[in-house]
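Colleague: Could you walk me through this model? I have a few quick questions.

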Amino acid sequence: MDAGYTVEQLRAAATDAVRAPSLHNTQPWRFRLRDGGIEILVDPSRRLPATDPSGWGVRVACGAALFNLRLALTVAGTPAAVRLRPYPAEPDVVARLVPDVPRRPTPAEQALYAALARRFSNRAPFWPDPVPADARWRLTEAARAEGCWLELLVGVSAVNAFAEIARGAHRVLERDPAYRAEREEWVRAEPAPDGVPTSAGGPQAEPQDLLPSRGFGGRNRAPGRDFEPEPLVAVLGSTGNTAVDQVVAGQALQRVLLTATDAGLAASLLSQPIEVPTAREQLRLSLGRFGTPQMVLRIGYGQPGWPTPRRPVDEVLDLPVPRA
């Protein structure tokens, strides 16, 4: 198509794109219109040098925002053709989207889009109800549709083996004062457009917990409200670990999360075993998988909560300067 996207289309799609998850809810993305195409860029001011020194987390987050952007444009009847990392000289440009052949969205795309506003990380304990086989199949197919794999850890021995890796990675990270200080910078006790509110931080960790949790200042849990003893743990992986692979993994992550939301499931993210290179390799070897684990999810049924806040969309747009 010759016609490009408009500022109005950019603003509408970016309003949905910013609902993507990110480490500490840093929202490390910007969106701009250039030569009729919409581009997603890394926001360098929102990097986490102690938590994410390689930029892996930023690229996964921007990939998740890219999936939302693609979905919003498709549901609006203006689907995009996407080029990942289109400019070798501009590595902070994650993707460029240009109009593709117009078409109507499929029912599956409409369902994922409807789930977008309801998706959020649920850090509270889940109910003990098992995730049924058909929902598990939908989750693995969602990852496959975006060129990634999703390994579901089912059963006490598999989950316990993963938990040992995750707890070891958590201990390594917690020994770093810069890591702890950086996390504290993004905890929000008062209303704010970014960071993790204490109300969404989940309950305080206790010694009996199977899986580690970050200290986001959550409340002490009520008696008997321990975490589920046998959670469904899902490991999302990509074929490689280049910058492009990480953006691809972010898109797969968001499709999996929206698929879970559409199925009535709750999810939270565990990135500690990904952030520690030796733990990530341990995890890969334990799965017997080729490729690279990119994120871990805890999935189940839980009581409704609230999404973390988002910055106003105009704060993340780089709009063309009107000509005089």
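Colleague: Is strand E8 enclosed or open, and why?
Modeller: Seven of the seven residues of E8 (residues 232-238) are buried, so this strand is largely enclosed by the rest of the structure. Buried means under 20% relative accessible area with a 1.4 Å probe and protein chains only, and strands are DSSP runs of at least two residues, numbered from the N terminus. This is a predicted model, in which local features need pLDDT of at least 70, side-chain atom pairs count only at pLDDT 80 or more, and totals for chains, interfaces and linings use all residues. Residues are numbered from 1 along each chain as its sequence is written, and side-chain values use heavy atoms, with hydrogens and water left out.

Colleague: Which residues sit on each side of E8?
Modeller: Leu232, Ala234, Leu236 and Ser238 lie on one side, with Val233, Val235 and Gly237 on the other, and both faces are covered. In a regular strand the side chains alternate between the two faces of the sheet.

Colleague: And what does E8 pair with?
Modeller: E8 pairs in the antiparallel sense with E5 (residues 149-153) over five bridges, and also antiparallel with E10 (residues 292-300) over seven bridges, where pairing requires that DSSP finds at least two bridges between the strands. Glu151 stands opposite Val235, while Gly237 stands opposite Pro293 in E10.

Colleague: Switching topic, what does the side chain of Arg188 make a polar contact with?
Modeller: The partner is the side chain of Asp194, at 3.1 Å; a polar contact is a pair of N or O atoms within 3.5 Å, and within protein one must be able to donate a hydrogen and the other to accept it, while residues adjacent in sequence count only if both atoms are side-chain atoms.

Colleague: Buried or exposed, that Arg188?
Modeller: Arg188, found in strand E6 (residues 187-188), counts as buried because its relative accessibility is 18%.

Terms used: Helices (H or I, at least four residues) and strands (E, at least two) are DSSP runs, numbered from the N terminus. Buried means under 20% relative accessible area, exposed over 50%, partly exposed in between (1.4 Å probe, protein chains only).
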